[in-house]
Amino acid sequence: MKDSVRALNEINKSFSIFMSFLKDTVRNNSVQFCRSQKLDISDKDLKKLLLAIDSSIEQAFTNGYGSVQKTVRENLTDKE
């Protein structure tokens with residue numbers, strides 16, 4: 001059981017790091033796109049857009065990760 005808990009904690013940590021990279025990449029690419037396409041968007045509006053993007057990513061993660069955890073738990077339990 002300890003191994004299962006440890007494995008689940010490591011998977012959760014990995015997903016957290018993955019989500020951080022995902023958000024950083026989307027934010028950086030969004031800023032680069034706005035600048036390279038010379039979109040007429042103020043820094044203030046760009047910050048609002050980036051906040052909405054971050055919130056959307058967090059919401060998607062929150063809504064979807066439960067099924068990932070369930071699958072991992074079931075598979076770890078089957079192995080013990």
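**Figure 1. Overall fold of the predicted model.** The protein chain contains 2 helices and 0 strands. Its radius of gyration is 18 Å, well over the 12 Å that the globule rule gives for 80 residues, so the chain is more spread out than a compact globule. Along the principal axes, the C-alpha atoms fill a box of roughly 55 × 15 × 15 Å. This is a predicted model.

**Figure 2. Contacts along the chain.** Contacts between residues at least 6 apart in sequence are considered here, and 67% of them join residues at least 24 apart.

**Figure 3. The largest nonpolar core.** This core is made up of 6 residues: M19, C34, L46, L50, I53 and I57. Two elements, helix 1 (2–36) and helix 2 (43–79), each give two or more residues to the core. Helix 2 gives the most, with 4 residues. In soluble globular proteins, nonpolar side chains tend to be buried together.

**Figure 4. Surroundings of L46.** L46 is one of the residues of the largest nonpolar core. When residues up to four places away in sequence are not counted, L46 touches V31, C34, R35 and I41.

**Figure 5. Burial and surface of the chain.** Of the 80 residues in the protein chain, 18% are buried. The protein chain exposes about 6,300 Å², and carbon and sulfur atoms supply 56% of this area.

**Figure 6. Charged groups.** The protein chain carries 13 positive and 11 negative charges. The mean positions of the positive and the negative charges are 4 Å apart.

Definitions and conventions. Residues are numbered from 1 along each chain as its sequence is written. This is a predicted model: local features need pLDDT of at least 70, side-chain atom pairs count only at pLDDT 80 or more; totals for chains, interfaces and linings use all residues. Side-chain values use heavy atoms; hydrogens and water are left out. A nonpolar core is a set of buried Ala, Val, Leu, Ile, Met, Phe, Trp, Tyr and Cys residues joined through side-chain atoms within 4.5 Å. Buried means under 20% relative accessible area, exposed over 50%, partly exposed in between (1.4 Å probe, protein chains only). Contact means heavy atoms within 4.5 Å. The radius of gyration is taken over C-alpha atoms; the globule rule is 2.2 Å times the number of residues to the power 0.38. Accessible areas come from the Shrake-Rupley method with a 1.4 Å probe; for residues, only the protein chains shown count as cover. Lys and Arg count as positive and Asp and Glu as negative; His and the chain ends are not counted. The place of a charge is taken as NZ of Lys, CZ of Arg, CG of Asp or CD of Glu.
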